[in-house]
Amino acid sequence: MCRSIKTLRPPAQPEEATEEEMRAAALQYVRKVSGFRAPAEHNREVFERAVDAIAAATADLLDGLEVRGSARATAPAHS
């Protein structure tokens, strides 16, 4: 499912994913799941809420992932 959604985490993408990229992935997901490329006017609000929720969940996921061996890992604090 959603094979065209680009991988947004390292090492596939060395820099951090942008909000635009996360929203585009969320939009593709909602389109795939709903079966609509563009919602009818009476479904627009729920469609957009779903895109917003999935984009936020994507940001939370990417922020919380620890990719071993990546430069993103934080160094221990010094006293």
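Buried means under 20% relative accessible area, exposed means over 50%, and partly exposed lies in between (1.4 Å probe, protein chains only). This is a predicted model, in which local features need pLDDT of at least 70 and side-chain atom pairs count only at pLDDT 80 or more, while totals for chains, interfaces and linings use all residues. Residues are numbered from 1 along each chain as its sequence is written, and side-chain values use heavy atoms, with hydrogens and water left out.

**View 1. Helix 1 packs against helix 2.** Helix 1 covers residues 19–34, and helix 2 covers residues 44–64. Helices (H or I, at least four residues) and strands (E, at least two) are DSSP runs, numbered from the N terminus. The packing angle is about 130°, and the axes are 8 Å apart. Axes are lines fitted to C-alpha atoms, for helices over the stretch in contact, and angles run from 0 to 180 degrees between N-to-C directions. The two helices are therefore oblique to each other. Angles under 35 degrees count as roughly parallel, over 145 as roughly antiparallel, 65 to 115 as roughly perpendicular, and the rest as oblique.

**View 2. Residues from both helices make the contact.** Contact means heavy atoms within 4.5 Å. Helix 1 supplies Met22, Arg23, Ala26, Leu27, Tyr29, Val30, Arg31 and Ser34. Helix 2 supplies Phe47, Glu48, Ala50, Val51, Asp52, Ile54, Ala55, Thr58, Ala59 and Leu62. These residues divide into 12 nonpolar, two polar and four charged. Ala, Val, Leu, Ile, Met, Phe, Trp, Tyr, Cys and Pro count as nonpolar; Asp, Glu, Lys and Arg count as charged; the others, Gly among them, count as polar.

**View 3. Arg23, Glu48 and Asp52 form a network of salt bridges.** A salt bridge is a side-chain nitrogen of Lys or Arg within 4 Å of a carboxyl oxygen of Asp or Glu. By this rule the count comes to four. Arginine 23 meets glutamate 48 at 2.6 Å, N to O. This pair links distant parts of the chain: arginine 23 is in helix 1 and glutamate 48 in helix 2, 25 residues apart. Arginine 23 also bridges to aspartate 52, with the closest N and O atoms 2.6 Å apart. Here, too, distant parts of the chain are linked, with aspartate 52 in helix 2, 29 residues from arginine 23. Arginine 23 is partly exposed, at 32% relative accessibility. Glutamate 48 is partly exposed at 29%, and aspartate 52 is partly exposed at 41%.

**View 4. A salt bridge joins arginine 49 and glutamate 45.** The closest N and O atoms are 2.9 Å apart. Both residues lie in helix 2, four residues apart, about one turn of the helix. Arginine 49 is partly exposed, with a relative accessible area of 48%. Glutamate 45 is exposed, at 58%.

**View 5. Valine 51 is buried in helix 2.** Its relative accessible area is 1%. Leaving aside neighbours within four places in sequence, valine 51 is in contact with Arg23, Ala26, Leu27 and Val30. Valine 51 and alanine 25 are 26 residues apart in sequence, and 8.9 Å apart in space, C-alpha to C-alpha.

**View 6. Threonine 58 is a buried residue of helix 2.** Threonine 58 has 18% relative accessibility. Neighbours within four places in sequence aside, threonine 58 is in contact with Leu8 and Met22.
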